[in-house]
Amino acid sequence: MRDAGLAAAGSESRPTRTRSPGLLTAVKLVLAPTWVRVLGVVLALGSVFGYSVLLTFPFTQRLSVANWRYLDAYRMGWAVVLGLALAAVLTLQIGATRRIASRGAGGTVTGVAVLGSLLPSLLCCTPVIPTLLALAGMSTIGVYGTAGALQRFFAVHEIYFMLGSLGLLLVSGWWALRRTATGCGSDGCSIPDPAPQARLGRRVPAGHGE
Amino acid sequence: MLVVVAAIVAWIAATGPGHTSSTAAGGPRSAAMGKPAPAGSFTTVTGRTLDVTALRGHPTLLWFVATWCPACQSGTRAVARHLDELEAHGVRVVELELFDNLGQPGPSVAELARSYGGARYGDPHWILGTASARLTRAYDPRAYLDIYYLLDARGRVRFVGSSPAATMPAILDRARSLS
């Protein structure tokens, strides 16, 4: 990692990074622009809508608002929780990326989390697993045993996939906030110090500002 | 990565059972559209053993389910809700558990119907049973869940689909043409 103090040494007018803001401060920093907050609301509405249709996919095997007929309190709850978590993570990631102009592994983790939350819905009752097994050349008897076991696994263990996905989303959100808090991306640290004048002469050696 | 996830979701949705060529185009070769429904036995919840060929004389919705499958559960509820309309078109429903529930534990088909069919359980136009291994292989060689065949009174396959919970309007439409 580049030394923040050295990075600022060549320019007196450039603020020196002397400390890391906490996670709460990072949230405030990321959500400061109005457009980020508006984006968050839009993403929340879209994500909850998307999850409400996708989590009820096993009942109809169609992507349609008609799936809402099967939206009980349990699935509605998960749609809201996962939708809001996804929207929060995406908003934080976009906001963080805009602030520190870097990309990390957060996007991949988020993608894995979304995919994980949808796996039971997409695989428990669709012909994807039997078709793949048949394409793999498995015998009819083998397809019956394996496809049944795999499909039932996804149907029965749905809750664990949801919890795992929620965990990944939380990790992803934390990662985005941490990137903002440390102000360091792959290309270095660039969070402006909120009160540079007050810290003139208090440069912190590399590694001590974290 | 999110784009990849969206692409996977779109592909799975586009290849759902109701859209697959193997079903929408007429089912497996053994039970192709327009052909006589293949023979095969099943055992009803009342203990009778019947053959599919014995269903001739009435249009029949022959439906294969795994009792642990969410789509089959919602489909059972949908069938119970629309049983009167199906009866009005002379169609009876034969809901069969795939042989041995595809090797997986689950409630019996009677318990499934009682749980999701409510008061319609026991209706004489709604036959419940368990398919033999031969019958399961003939109508569902790929072990899809929730696949159905609409047979006419002469025992010919007239419509193949999946998920009655989502396709009941299409079933009723086809049933109307059979009556």
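A residue counts as buried if 20 or more other C-beta atoms lie within 10 Å of its own. Keep that cut-off handy for this predicted model, since Ala143(B) has 30 other C-beta atoms within 10 Å and is therefore buried. Beyond that residue, here's a quick tour of a seven-stranded sheet in chain B, the contact between chains A and B, and a couple of helix pairs, H2(A) with H9(A) and H3(B) with H4(B).

- Ala143(B) isn't a glycine, yet its phi is positive, at about 60°.
- You'll find Ala143(B) in the loop that runs between helix H5 (133–139) and strand S6 (147–151) of chain B.
- Leu102(B) is another non-glycine with a positive phi of about 60°.
- Look for Leu102(B) in the loop between S4 and H4 of chain B.
- With 27 other C-beta atoms within 10 Å, Leu102(B) is buried.

**The sheet of chain B**

- Reading across this open sheet of seven strands, the order is S2-S1-S5-S4-S3-S6-S7 (chain B), and the pairing is mixed.
- Strand S2 (49–51) and strand S7 (157–162) of chain B sit at the edges with a single partner strand each, so each has one side without a neighbour in the sheet.
- From one strand to the next, the twist averages 30°.
- In general, strands of a sheet pair through backbone hydrogen bonds, either parallel or antiparallel.
- Strand S1 (residues 41–44) and strand S5 (residues 126–131) of chain B are an antiparallel case, joined by three bridges.
- Within that pair, Thr44(B) faces Gly129(B) of S5(B).

**Helices packed on that sheet**

- Helix H3 (residues 70–88) of chain B lies against the sheet and touches strand S3 (60–65), strand S4 (92–97) and S5 of chain B.
- The direction of H3(B) makes about 165° with that of S4(B).
- Helix H4 (residues 109–117) of chain B packs on the sheet too, touching S4 and S5 of chain B.
- Against S5(B), the direction of H4(B) makes about 145°.

**H3(B) meets H4(B)**

- The axes of these two helices, H3(B) and H4(B), come within 8 Å and cross at roughly 60°.
- That angle makes H3(B) oblique to H4(B).
- The crossing of H3(B) past H4(B) is right-handed.
- H3(B) brings Gln73(B), Thr76(B), Arg77(B) and Ala80(B) to the contact, while H4(B) brings Leu112(B), Ala113(B), Tyr116(B) and Gly117(B).
- Sorted by class, the contact of H3(B) with H4(B) has four nonpolar, three polar and one charged residues.

**H2(A) meets H9(A)**

- Over in chain A, the axes of helix H2 (residues 23–31) and helix H9 (residues 158–182) come within 9 Å and cross at roughly 90°.
- H2(A) and H9(A) are therefore roughly perpendicular to each other.
- On the H2(A) side, the contact uses Leu23(A), Ala26(A), Val27(A), Leu29(A) and Val30(A); on the H9(A) side, Leu177(A), Thr180(A) and Ala181(A).
- The residues in this contact of H2(A) with H9(A) are seven nonpolar and one polar, with no charged ones.

**Where chain A touches chain B**

- Chain A puts 34 residues into the contact and chain B puts in 32 residues.
- On the chain A side, the elements giving two or more residues are helix H4 (57–60), helix H6 (106–123), helix H7 (128–135) and helix H8 (140–156) of chain A.
- H8(A) supplies the largest share of that side, 10 residues.

Methods
Residues numbered from 1 in each chain as written. Chains lettered and ligands numbered in written order. Predicted model: local features only at pLDDT ≥ 70, side-chain atom pairs only at ≥ 80, totals over all residues. Pairing = 2+ DSSP bridges. Helix = DSSP H or I, 4+ residues; strand = E, 2+ residues; numbered from the N terminus. Axes fitted to C-alpha atoms, helices over the stretch in contact; angles between N-to-C directions. Contact = placed C-beta atoms within 7 Å. Buried ≥ 20, exposed ≤ 12 C-beta atoms within 10 Å, placed from the backbone. Parallel < 35°, antiparallel > 145°, perpendicular 65-115°, else oblique. Nonpolar A, V, L, I, M, F, W, Y, C, P; charged D, E, K, R; others polar. Left-handed = near helix turned anticlockwise from the far one by under 90°.
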